Amino acid sequence: MRLSRLAMGLCGAIALSLAVLVGVGSAHSTARKAQPTITIATVNNGNMVVMQSLTSVFTKKYGIKVKYVTLPENTLRQKVTSDVATGGGQFDIATVGTYEVPIWAKNKWIVNLQSYFEKLSPAAQKAYDLNDLISKVRLGLSYKNNLYAVPFYGESSMTYYNKKLFADAGLKMPLHPTWDQIQSFAAKLNDPSSNRYGICLRALPGWGEFGAPLTTVINTFGGSWFNLKWEPQLTSPATKAAVNFYVDLVRKYGEPGATSSGFTECETAVAQGKAAMWVDATVAAGELADPKKSQVAKDIGFAYAPIKVTPLGSHWLWVWSLAMEASSKNKDAAFQFLTWASSKDYLKLVAGKNGWGSVPPGTRISTYKNPNYQKAAGAFANIVLNSMLTADPTHSTLHKVPYVGVQFVGIPEFQNIGTLVTQNLAGAVAGKTSVDSAVALSQQQVTRIMKQAGYLK
């Protein structure tokens, strides 16, 4: 009897142990299955490439795997827009800008992040520190006072130039140049026989490629995309003069094959010493000043974006940000990544790997107060911050307009409009048509689009 009871007890203990083991195994199995893989659509810019290289740190800490779909800017916009508009759920997180956020938030294509931040513990809220985000950046990523995306890096636009080439030619770049001065410098420094060009400017078709710097030139020439009645202004004297100036500058003193040059291509040309000047996004400053990435690091100079008849709209405001798609099935994991990649700790992580001069700029006040950053980025940090703080999307043109935006028009139709017009103008850059013909065709096409959309009767 006692043996029987003992045997039964042993059997029970063994059974219990087995159950516990099975339970533990199941728990681990469940835990493994519960860790999702999130998919992120991002642009192939330098800062995003660094983010991918550091993502193993995130996965190790949180157990969340990350898959990247990295694409050129124009392709990224097409794929992401298609996915969010149809609720395809192909991506959990999309890299978007200040153009998309308010429009997509209104359409409920991306997730309101306010409640997610409110659910964080007090310690986590303090560590992330929403109030540390630059106010204009936070405003640009909000809709009806709610945050819909977190900033990965912010930028304005500025002038880059090769100080050695300027010194050798006896030229001096002003801190605040005019477009006439830029044109004069480009003419003097252009040397195609030495495979060196006076300037590099984007002429790759796309509203966010060619369209971005072109629009700042239109603004500072006193032009605009539309007047207060939403009538297209592409053939107005000021806008037409700006377009002629830009195309002429690129054709005479710009890089060969300019219609294939976007941000990335121009950055490479400057870094290799093939372009004496470049007017573009401030985010390139850190990479161009980094001797590991730039052959002209010690010679790179920085100035404010050029002006013509007005400083209004001469430099843009843009934030490449991370937003959670409404169709994501992994929202908690996606939010975990959003807050990690835009945190103070992430900036320290980048600094530890590549130095403070290479951290994603234009997002946090604390970055610009950090003595390590000021020491590493002192040559350009203040120009970048001042440019961002003085860019005004609500007052970017000489005459009043009905839209918001510096280097874009904040309406859903502009994605199509900007791409269509820059495709026409690329034909003029390539010498396949005249600027007058390209502008006239664009005026007709944009008028038709605005009528179909109901802006014009």
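A residue counts as buried when its relative accessible area is under 20%. The model described here is predicted.

**Gln443 and its surroundings**

Gln443 sits in helix α20, which spans residues 435–452. With a relative accessible area of 16%, Gln443 falls under the 20% cut-off and is therefore buried. Setting aside neighbours within four places in sequence, the contacts of Gln443 are Pro232, Gln233, Leu234 and Thr235. For one of these, Leu234, a polar atom of the Gln443 side chain lies 3.0 Å from the backbone nitrogen of Leu234.

Strands of a sheet pair through backbone hydrogen bonds, in either a parallel or an antiparallel manner. In this model, 5 strands form an open sheet with mixed pairing, in the order β2-β1-β3-β10-β6. Strands β2 and β6 stand at the edges; each has a single partner strand, so one side of each lacks a neighbour in the sheet. From one strand to the next, the twist averages 15 degrees.

Strands β1 and β3 run parallel and are joined by 2 bridges. Within this part of the sheet, Ala41 stands opposite Ala94 in β3.

Helix α14, residues 331–341, lies across β1, β2, β3, β6 and β10. The helix runs at about 155 degrees to β10.

| Strand | Residues |
|---|---|
| β1 | 37–43 |
| β2 | 65–71 |
| β3 | 93–96 |
| β6 | 150–155 |
| β10 | 318–324 |

Notes
Residues are numbered from 1 along each chain as its sequence is written. This is a predicted model: local features need pLDDT of at least 70, side-chain atom pairs count only at pLDDT 80 or more; totals for chains, interfaces and linings use all residues. Side-chain values use heavy atoms; hydrogens and water are left out. Two strands pair if DSSP finds at least two bridges between them. Helices (H or I, at least four residues) and strands (E, at least two) are DSSP runs, numbered from the N terminus. Axes are lines fitted to C-alpha atoms, for helices over the stretch in contact, and angles run from 0 to 180 degrees between N-to-C directions. Contact means heavy atoms within 4.5 Å. Buried means under 20% relative accessible area, exposed over 50%, partly exposed in between (1.4 Å probe, protein chains only). A polar contact is a pair of N or O atoms within 3.5 Å; within protein, one must be able to donate a hydrogen and the other to accept it, and residues adjacent in sequence count only if both atoms are side-chain atoms.
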